[in-house]
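Welcome, and please open the structure in your viewer. We will go from stop to stop, with something to select at each one.

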Amino acid sequence: MESTKLDAPKGIEARVGWAPGSQASDRVRQLTKEILADRLQIDETFIDVSRQAPAQFGHHPQPIAVVDGLPVPLSVRTASFRTASVVAVAEPDLLVGLDIRDHRPDEAALHEIRGHSHLWDDDSLWNKATPEQLALHWSRVQAVRQADPRGISVRPEQVRLDPPFAKAWTPDRKGDYRLVDLSRNGFVITLAYGEPATE
């Protein structure tokens, strides 16, 4: 598998990997080991990534890394699309979400974006957007949904993005998410991150 380190914000490490014919679970385990070996300054052979737990209720299981029989106290988030996967490792108190997809969405993906985005109306500039712009928009929406502890209960049309698309927020949650474009090798990759909401 080829893998590349991504320019994630301070405190978050991320890598993308791709390999034709590979399984997403294998790519995720390998990327997680590479990130943790670098972060913890240990050999990959000492890291076990065989367990998973749901990041949100019943949705998107995420790897649990273990070293010397103890879970590593870091949060691991993943996303996969066809032959590629992306993994981010961060402090456990940081909300992190990832999304990866082809930079040229097919007609089914375009239909989904148009059906579930709050940006669509008769005067919307998005009516003239290119497929690549729509894919980037949709990737940001999905990364925010992955970062939000409520997960899929947050509908795509509820995610709000600021005009330069560097920040997003969801209803009934204090605080916002910062958005980082980590796109590489024909894949649109978005990282969303934020602090846990406080009452």
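## Starting at a hairpin

Select serine 75 and you will find it opposite alanine 90 in β7. Helices (H or I, at least four residues) and strands (E, at least two) are DSSP runs, numbered from the N terminus. This is a predicted model, where local features need pLDDT of at least 70 and side-chain atom pairs count only at pLDDT 80 or more, while totals for chains, interfaces and linings use all residues. Residues are numbered from 1 along each chain as its sequence is written, and side-chain values use heavy atoms, with hydrogens and water left out.

Now widen the selection to residues 75-81, strand β6, and residues 84-90, strand β7: seven bridges join this antiparallel pair. Two strands count as paired if DSSP finds at least two bridges between them. Together β6 and β7 make a hairpin with two residues between them, and arginine 82 in the turn has a positive phi of about 50°.

## The four-stranded sheet

Which strands make up the open sheet of four? Their order is β1-β2-β7-β6, and the pairing is antiparallel. At the edges are β1 (2-6) and β6, each with a single partner strand, so one side of each has no neighbour in the sheet. From one strand to the next, the twist averages 20°; axes here are lines fitted to C-alpha atoms, for helices over the stretch in contact, and angles run from 0 to 180 degrees between N-to-C directions.

Next, select residues 12-18: this is β2, which pairs with β7 over seven antiparallel bridges. Valine 16 has valine 86 in β7 as its bridge partner. Contact means heavy atoms within 4.5 Å.

## The five-stranded sheet

Move on to the open antiparallel sheet with the order β8-β12-β11-β10-β9. Its edge strands, β8 (95-102) and β9 (160-161), each pair on one side only. Eight bridges join β8 to β12 (residues 187-194), and glycine 97 stands opposite alanine 192 in β12. Select residues 131-147 to bring up helix α3, which lies across β8, β9, β10, β11 and β12 at about 145° to β8.

Beyond its neighbours within four places in sequence, glutamine 142 contacts Asp99, Arg101 and Pro156.
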